[in-house]
Amino acid sequence: MLLEAFGSFLQMLYLGMLVLAVVALIFAATAREDAYRAADKQKKSFWLIILGITVFVNLIIPILFLQIAGVIASIVFMVDVRPAIKAVTGGGGGRGGSSSDGPYGPYNGGR
């Protein structure tokens, strides 16, 4: 019974790694090429290749070492590259306003 639970845990872990890699690949593919350069990150083609290999490894070659390397690459993309690209393209927040806005409206310097 314990081995069955561990087996289903590993299957869920593999599925989670695959979903993370696919989501990162979709985000990498939909971002503009010039946003990567403006954010001072690697080229779009670099991230598409790395994340594409990650998806391939998760689907076809279930070697844990390669899957862990792919998860690290996916996490780096999602935590570092994607927010930088969103900041460059203006896709952050969703509220609008300027950078001087506080939680209750614009900050006017005490005037």
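A crossing of two helices is termed left-handed if the near helix is turned anticlockwise from the far one by less than a right angle, and right-handed if clockwise. The structure examined here is a predicted model, in which local features need pLDDT of at least 70 and side-chain atom pairs count only at pLDDT 80 or more, whereas totals for chains, interfaces and linings use all residues. Residues are numbered from 1 along each chain as its sequence is written, and side-chain values use heavy atoms, with hydrogens and water left out.

The protein contains four helices and two strands, taken as DSSP runs numbered from the N terminus (helices, H or I, at least four residues; strands, E, at least two), and along the sequence these elements follow the pattern α-α-α-α-β-β. Of the 111 residues in the protein, 23% are buried, that is, under 20% relative accessible area, with exposed meaning over 50% and partly exposed in between (1.4 Å probe, protein chains only). Among contacts (heavy atoms within 4.5 Å) with a separation of 6 or more, 62% join residues 24 or more positions apart.

Two packed helices are described by the angle between their axes and the distance between the axes. For helix H1 (residues 2–30) and helix H3 (residues 44–59), the axes come within 9 Å and cross at roughly 155°, where axes are lines fitted to C-alpha atoms, for helices over the stretch in contact, and angles run from 0 to 180 degrees between N-to-C directions. H1 and H3 are therefore roughly antiparallel (over 145 degrees; under 35 is roughly parallel, 65 to 115 roughly perpendicular and the rest oblique), and their crossing is left-handed. The H1 side of the contact includes Met-17, Leu-18, Ala-21 and Val-22, while the H3 side includes Trp-47, Leu-48, Leu-51 and Thr-54. By class, this contact has 13 nonpolar, three polar and one charged residues (nonpolar: Ala, Val, Leu, Ile, Met, Phe, Trp, Tyr, Cys and Pro; charged: Asp, Glu, Lys and Arg; polar: the others, Gly among them).

Within H3, Thr-54 counts as buried because its relative accessibility is 5%; not counting residues up to four places away in sequence, Thr-54 touches Ala-21, Gly-70 and Ser-74. With the same exclusion, Leu-51 touches Ala-24, Leu-25, Ala-28, Ala-73, Ser-74 and Phe-77.

Leu-51 also belongs to the largest nonpolar core, 10 residues in all, which includes Ala-24, Ala-28, Trp-47 and Phe-77; such a core is a set of buried Ala, Val, Leu, Ile, Met, Phe, Trp, Tyr and Cys residues joined through side-chain atoms within 4.5 Å. H1, helix H2 (33–38), H3 and helix H4 (64–89) each supply at least two residues of this core, and H4 gives the most, with three residues.
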